[in-house]
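I opened this notebook to record what I looked up, entry by entry. The structure comes first, then my notes.

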Amino acid sequence: MQRKLKIVTPWFTAAAAAGLMVSLASAQPPAAAVTPQVLINAAGNGDEWLTYGHDYAETHFSPLNQINNKNVKRLSLAWSVPTEAPQGTVEATPLMHNGVLYGILPWDVMFAVDARTGQTKWRWDPDVPRAHIQGLCCGPVNRGVALYNGRVYAGLLDGRVVALDQETGKLLWSTQDTVPGGDTILTSAVRVVKGKVIVGSSGAEQAVRGYFSAYDAETGKRTWRFYTVPGDPSKPSEHPELEAAAKTWTGEWWKWGGGGTVWDAMAYDPAADLLYIGTGNGGPWNQNIRSPKGGDNLYLASILAVKPDTGRMVWYFQENPGETWDFTATQPFILADLKIDGRDRKVLMHAPKNGYFYVLDRITGEFLSGKPFVRRMTWSKGLDKNGRPIEAAGARYTTNSIKIWPGAAGAHNWQPMSYSPLTKLVYLPGNEASTTYVPTPADQFQFTPGRPSTGVAFGGAGPIPETDIAATQPEVTGRFLVAWDPVQQKERWRHLFEPGAPGGGTLATAGGLVFMGNSAYDAETGEKLWEEPQLGDRPVNWISYMLDGKQYFAILARSSPNNRLFTFTLDGGATMPPVPPPAAAPARGRGAAGPAN
Ligand code: CA
């Protein structure tokens with residue numbers, strides 16, 4: 001019964017070339033421990049879901065095809081359990097290893113449940129102090145844990161990085177990453193690369209200074225830290241990359257921090273030994289306050305490639321020089337090998353908030369192509385040959401208000417996209433929306449510790465001007481799912497959803513399926529093949545795995561406190577628990593496409 005395709009991925013070819021290839025053929029039993037080699041080989045392991053994006057290339061692709069576009073109509077509930085999530089927004093992707101599902105809930109409550117029965121194996125509440133964090137942007141979320149060498153790792157809202165025993169949930173070590181009580185929080189899914197836990201910071205709406213760090217997975221001792229923006233120019237730079245960055249800033253940004261937090265995107269290429277990181281918006285958002293004489297403000301809104309052993313940068317690519325719209329480059333990216341203009345290219349694909357789909361050479365950082373994946377983009381008229389945006393006149397709101405598409409919620413946010421090496425398409429969950437930016441005059445800007453301080457107000461009365469290119473573009477609003485051809489840089493198919501439709505990330509499978517929200521689609525045609533409306537209003541991110549010869553799909557869904565962990569299989573036969581009425585008090589924090597950290 002168990003059928004698996006042998007998928008040729010960058011890691012198969014890279015591992016084979018490096019002489020590292022171990023048997024990845026079918027019927028390989030699940031590994032007892034998640035070792036460095038197990039993580040490098042994760043792309044070929046359909047039995048388990050060991051890291052946030054399934055593999056280091058962050059494909060969110062399952063090589064399983066037992067459930068496929070021919071039989072998915074028989075997909076039904078195997079079991080579900082209430083997670084008893086504390087009040088807040090669930091954004092995490094669960095992991096599966098050795099018959100156990102691992103996850104993290106609002107306020108960083110971590111759990112392990114038996115994947116056969118849904119029975120709780122352990123649960124750990126870190127007792128994150130509520131009062132201070134409730135005042136910060138953007139809700140008590142966490143996007144995921146990491147598994148490595150018998151441990152479960154997470155970064156917590158109060159700045160702790162923790163390692164728990166994978167079997168018992170017992171705390172093994174805890175290291176403070178942030179200044180205690182400060183406005184930097186940790187919400188990103190952590191990853192483990194070469195025995196180091198990679199942790200990105202969050203909190204740029206509070207205008208904090210962004211960074212990411214590496215901790216020894218065994219001891220919790222910090223190995224290195226990379227600051228994404230320069231500090232006080234009267235003090236020495238913490239590392240050499242900041243000397244070049246400092247030349248691109250003006251004013252007194254360091255008094256607040258500057259932004260550039262690292263709250264989501266990471267990927268790793270073991271053959272190139274490069275760790276890729278996406279950096280966030282400026283802090284305060286309004287560049288006229290942050291860096292009043294302009295400048296590119298490196299390394300905001302950028303993709304950085306660093307060496308995981310040292311944190312030294314090899315290349316960078318900045319998507320929004322002088323970022324001022326909350327256009328983060330933190331949206332999840334994907335590594336793939338593509339044939340472009342007859343050449344085999346190792347690429348990094350990225351669809352950030354600003355609405356462009358970028359394809360870069362991930363070895364050199366060279367810009368290969370970029371095209372809008374939204375229908376309405378009014379801040380930019382295109383990208384130049386180096387990938388630098390050509391901004392529309394008036395898009396920078398230095399003195400007057402302006403309405404911009406896509407706005408601060410982003411054309412794409414935290415919801416992961418997926419890539420199928422079979423269809424060679426990227427399945428991108430996006431959003432068409434706008435924001436009206438009302439600038440705070442620099443002399444009226446008030447920085448308030450413990451609160452978002454952006455230098456921008458929203459909305460505004462009366463007619464709101466748009467840039468001169470807005471009139472040429474269609475009025476489109478709402479969440480969408482697009483199948484994007486990254487070589488041709490054009491869409492293959494697209495679904496535009498009704499306002500309020502459930503969102504979430506996407507999962508692609510070798511069974512020719514794409515899952516998003518409450519539905520599954522044919523990966524080639526986009527035809528909807530399966531739907532479970534009873535999943536409710538907030539499905540998060542699907543995973544798939546094999547257990548006892550049967551393929552399963554699992555997802556955390558529904559708003560807390562009604563959040564549940566659902567698992568589905570062919571002819572599962574269990575009855576979906578009815579969707580409870582909405583909670584009386586709406587969950588605090590951003591919605592599915594809110595501004596994020
Ligand atoms: Ca932000």
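I looked up Trp-325 and Phe-327 and found both buried; buried means under 20% relative accessible area, exposed over 50%, and partly exposed in between (1.4 Å probe, protein chains only). The model is predicted: local features need pLDDT of at least 70, side-chain atom pairs count only at pLDDT 80 or more, and totals for chains, interfaces and linings use all residues. Residues are numbered from 1 along each chain as its sequence is written, and side-chain values use heavy atoms, with hydrogens and water left out.

**Aromatic rings.** I searched the whole structure and got 34 aromatic pairs. Rings of Phe, Tyr and Trp (its six-membered ring) pair if their centres lie within 6.5 Å; planes under 30 degrees apart count as stacked, over 60 as edge-to-face, the rest as tilted. Phe-212 and Trp-224 have ring centres 5.7 Å apart and planes at 90°, so I noted them as edge-to-face. This pair links distant parts of the chain, with Phe-212 in strand β13 and Trp-224 in strand β14, 12 residues apart. Phe-212 counts as buried because its relative accessibility is 0%. Trp-224 counts as buried at 6%. The rings of Trp-325 and Phe-327 have centres 5.4 Å apart and planes at 35°, so that pair is tilted. Both residues also belong to one aromatic cluster, along with Phe-317, Tyr-356, Tyr-358, Phe-367 and Trp-379.

**The sheet.** Next I traced β13 and β14. They belong to an open sheet of 4 strands, ordered β11-β12-β13-β14, with antiparallel pairing. Strands are DSSP runs (E, at least two residues), numbered from the N terminus, and two of them pair if DSSP finds at least two bridges between them. The edge strands, β11 (191-193) and β14 (222-227), each pair on one side only. I counted 5 bridges between β12 (residues 196-200) and β13 (residues 211-216). Ile-198 stands opposite Ala-214 in β13.

Glu-205 is in the loop between β12 and β13, and Asp-326 is in the loop between β20 (313-318) and β21 (334-340), 121 residues apart. Glu-205 and Asp-326 are both buried.
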